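Grab a pencil and work through these exercises one at a time. Try each task yourself before you read the solution.

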Amino acid sequence: MSSVFVTGSADGIGLETARALLRGGHRVVLHARSEARAAQVRTAVPDAAAVVVGDVSELTRIRALALAANALGPYDAVIHNVGVGGGAARREATPDGIERILAINVLAPYLLTALMPPPRRLVYLTSGLEAGGRPDFADPQYTHRPWQGMQAYSDSKMYDVVLAFAVARLWPGTLSNAVDPGWIKTRMGGPNATDELPDGAETQVWLATAPEAEIGFTGRYLKRRQDLKANPAAYDESVQDRLLALCAELTGQELPR
Ligand SMILES: NC(=O)c1ccc[n+]([C@@H]2O[C@H](COP(=O)([O-])OP(=O)(O)OC[C@H]3O[C@@H](n4cnc5c(N)ncnc54)[C@H](OP(=O)(O)O)[C@@H]3O)[C@@H](O)[C@H]2O)c1
């Protein structure tokens, strides 16, 4: 039995991942944005070990979330699933004044990674759209460029792969990989998505819980258990270092080395 923490697990792929883990006999801690959402999740998933609360669009709440999650650990695996899409017509900022997609999709997994004891396995949710992501460290928050929501989403999902690969390089004791779940019928994926919910969760469950003989690898980008070639930027150690520096600057938290 493995102990697994899944972020953004009140709905969609994260909720399905938690349910699949529980069906497999694992211990699962879920995460919801608010007490109200947590109450709904506790009712929907009564077998969960716990549901921790925190809106990850705020840095102080991510810090509190990390503390709460750590108190319920240790974990064999953490699945960084929380995310928002690129549909906003205008650039939005969080209460910390940070562009919202970057904050939720990139800074939240970064800060949680930095504040939690390294588990043996880490999984970061990305998207096929990461291929179109462009690292622009001169304007990572669309402060000067015209707003393009889907480009900001693609950038954020590329940064998730960069983060997974950076952690794989810097933490040799942790198996850190990125997963494209496919186009899945969720609130984010929409009703026209081609793939069903279980398909979007299966690879993360496998990465988190399969025997070490199967999951002995790190720094890979997978879809349906198969290796994919990631955006070239993800393999570039200078891009990895610049992303870590940006995240450290915006969150005030270095990644422990
Ligand atoms: N669906 C797809 O086709 C697809 C494709 C590629 C990649 N992905 C990736 O897969 C992951 C899951 O996507 P999904 O389709 O399952 O999305 P979803 O159905 O919209 O679910 C997202 C989950 O994240 C939570 N969340 C969002 N913002 C939050 C915040 N500020 N604080 C706390 N929780 C927050 C949501 O909570 P609430 O329910 O309370 O809002 C929900 O539980 C994302 O990282 C996404 O980028 C999805």
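**Exercise 1.** How far does a backbone N or O atom of G8 lie from an oxygen atom of the ligand?

*Solution.* Some ground rules come before the answer. This is a predicted model, where local features need pLDDT of at least 70 and side-chain atom pairs count only at pLDDT 80 or more, while totals for chains, interfaces and linings use all residues. Residues are numbered from 1 along each chain as its sequence is written, and side-chain values use heavy atoms, with hydrogens and water left out.

Step 1: the distance for G8 is 3.2 Å.

Step 2: D11 has a polar backbone atom 3.2 Å from an oxygen atom of the ligand, and R33 brings a polar side-chain atom to 2.9 Å from a ligand oxygen.

Step 3: check how well the ligand is covered. On its own the ligand exposes 900 Å², and the protein buries 95% of that (accessible areas come from the Shrake-Rupley method with a 1.4 Å probe; for residues, only the protein chains shown count as cover).

**Exercise 2.** Find out which elements give two or more residues to the shell around the ligand.

*Solution.* Step 1: locate the ligand, which sits in the largest pocket. "Sits in" means that more than half of its atoms lie within 2 Å of the pocket's grid points. A pocket is an open set of points on a 1 Å grid over the protein atoms alone, where a 1.4 Å probe fits, with protein on both sides within 12 Å along at least five of seven lines.

Step 1: the elements are α1 and α5 (149-170). Helices (H or I, at least four residues) and strands (E, at least two) are DSSP runs, numbered from the N terminus.

**Exercise 3.** Decide whether Q240 is buried or exposed, and name its polar partner.

*Solution.* Step 1: find Q240 in helix α8, which spans residues 237-251.

Step 1: Q240 is buried because its relative accessible area is 4% (buried means under 20%, exposed over 50%, partly exposed in between, using a 1.4 Å probe and protein chains only).

Step 2: the Q240 side chain makes a polar contact with the side chain of R169, at 2.8 Å. A polar contact is a pair of N or O atoms within 3.5 Å; within protein, one must be able to donate a hydrogen and the other to accept it, and residues adjacent in sequence count only if both atoms are side-chain atoms.

Step 3: leaving out residues up to four places away in sequence, Q240 also touches others, including V162 and F165 (contact means heavy atoms within 4.5 Å).

**Exercise 4.** Work out which residues C247 touches, not counting those up to four places away in sequence.

*Solution.* Step 1: C247 is in helix α8 too, and at 1% relative accessible area C247 is buried.

Step 1: the residues are V106, L107, Y110 and G252.

**Exercise 5.** Where do Y142 and R225 lie, and what phi does each have?

*Solution.* Step 1: recall the background. Most residues other than glycine have a negative phi, and most peptide bonds are trans.

Step 1: Y142 lies in the loop between β5 (121-125) and α5, with a positive phi of about 50 degrees. Y142 counts as buried, at 4% relative accessibility.

Step 2: R225 is in the loop between β7 (221-223) and β8 (226-228), with a positive phi of about 70 degrees. R225 is partly exposed, at 34%.

Step 3: for a cis peptide bond, look at G73 and P74, where omega is about 0 degrees.

Methods: On a 1 Å grid over the protein atoms alone, a cavity is a set of points where a 1.4 Å probe fits but cannot get out, and a pocket is an open set with protein on both sides within 12 Å along at least five of seven lines; lining residues have an atom within 4 Å of a point.
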